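Here is a brief report on one protein model. It moves from the whole fold to two local sites.

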Amino acid sequence: MSGFSFNTTAGLRFGCGLSDDLSGEVAGRLGPRILFVTDPGIRAAGLTDRAIDSLRSVAEVTLFDAIGPDPSRAMVMACTDAGRAADVTGIVALGGGSSMDVAKVAALLLGSGEDLDDAWGVGAAKGPRLPLVLIPTTAGTGSEVTPVSIITVGADEKRGVVSPVILPDLALLDPALTVGLPGPVTAATGVDAMVHAIEAYTSASANNNPISRALAMDALRRLGANIERVMSTPDDLDARGEMLLGSMLAGQAFANSPVAAVHALAYPIGGMFHIPHGLSNALVLCQVMRFNAPKAARAYAELAPCVFPDIQRDGDQDTAVRFIDELSDLSGRLGLPPRLRDVDIPFEACAEMATQAMKQTRLLVNNPREVTEADARAIYEAAW
């Protein structure tokens, strides 16, 4: 067995209602002046009220709730400036991947004084960062356990800060926070988590390791068994909890065995057309898997029964094809738009998206099959 490394969030807590009172361990980790990062929708839904009130009972709290989809460099710097003005001693983010990604980078910039332009890429961020606690409100990104923050730079380019330095001190998983998610968000983020697990398991990274593969399989079992259940019964806390755990496990998997071409091709969809990240992944997942199948059939065949227990292995290629077909059918049952044209992306954009996708070299290198720009364009066109 080859050597590998595995890093994850230092502390994990799971339980319904954990976010209601953060005055104990969470506040104790963050110090007397806390920056609370979230988004306007989460605030309007009342999901932050008890958490903020409990923190204010023991510390000064500065609220930053100007987080939006596809967080931009300007958003990161505004959050950092808010923290600097209040001389904060720690950061907590309660929200989706956007809030958590912004909080990670803000904690780094405030703690180390680094320039953001020096932190882009793999292993460039040096730290230290401020104490950081992350509380997800979606079962999808797994950002609470990943050393990755994705930020939009300029009009449509996605860049990543990738370093164990930005792993938080604590991730708090409260299934109750995910109960009010709209159906389309539940579906798209759930498929996003599945993509994380599938790409982690099949990653060509030299750090693809048995821990990540085991986590990916367990994640897919939980996600596959519960994603339709939470769509039909949105207030099922047991199913919501399984989805949140599945998302976290998939996050741990791909944090160490990195994702590949699905994400590389999804980023231009989000950057150019402002399609949510989970849906962007769903739109290209099956076509990327069909492209990869000649090299990844065995791995896909191993994963198939994790998501769809009725699939029996009957030759790697045939099982892989059935797995891909079943995933396509699942997306349809979840109500996700099936094709790029269904989210108003013009066919003519396929060429430019392919050009943009090729900039994601840190992801493409992990794909089990080499992807050229012509290949990327063909995948987009097949998905159109």
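What share of the 384 residues of the protein counts as buried? The share is 57%. The model is a predicted one.

**Whole protein**

The protein has 14 helices and nine strands. Its C-alpha trace spans about 60 × 45 × 40 Å along the principal axes. A compact globule with 384 residues would have a radius of gyration near 21 Å, and the protein agrees with that at 20 Å. Take the contacts between residues at least 6 apart in sequence: 76% of them join residues at least 24 apart. The accessible surface comes to about 14,300 Å². Carbon and sulfur atoms hold 52% of that surface.

**Asn367**

Asn367 sits in the loop between helix H13 (361–364) and helix H14 (373–383). Is Asn367 buried or exposed? Its relative accessibility is 5%, so Asn367 counts as buried; the cut-off for buried is under 20%. The side chain of Asn367 has these two partners:

| Partner of the Asn367 side chain | Distance |
|---|---|
| Asn292, side chain | 2.7 Å |

Beyond its neighbours within four places in sequence, Asn367 is in contact with Glu199, Ala204, Ala260, Ala261, Phe291 and Asn292.

**A surface patch**

Which residues form a nonpolar patch on the surface? Met1, Phe4 and Ile211 do, with about 350 Å² of accessible area together. Ile211 belongs to helix H7 (residues 210–232). With a relative accessible area of 38%, Ile211 is partly exposed.

Note on methods
Residues numbered from 1 in each chain as written. Predicted model: local features only at pLDDT ≥ 70, side-chain atom pairs only at ≥ 80, totals over all residues. Heavy atoms only, no water. Helix = DSSP H or I, 4+ residues; strand = E, 2+ residues; numbered from the N terminus. Buried < 20%, exposed > 50% of the residue type's maximum accessible area, 1.4 Å probe, protein only. Polar contact = N/O pair within 3.5 Å; in protein donor to acceptor, adjacent residues only side chain to side chain. Contact = heavy atoms within 4.5 Å. Patch = residues over 30% accessible without salt bridge, like charges linked within 9 Å, V, L, I, M, F, W, Y side chains within 5 Å. Areas by Shrake-Rupley, 256 points an atom, 1.4 Å probe, with all protein chains shown as cover. Salt bridge = Lys/Arg side-chain N within 4 Å of Asp/Glu carboxyl O. Rg over C-alpha atoms; globule rule 2.2 N^0.38 Å.
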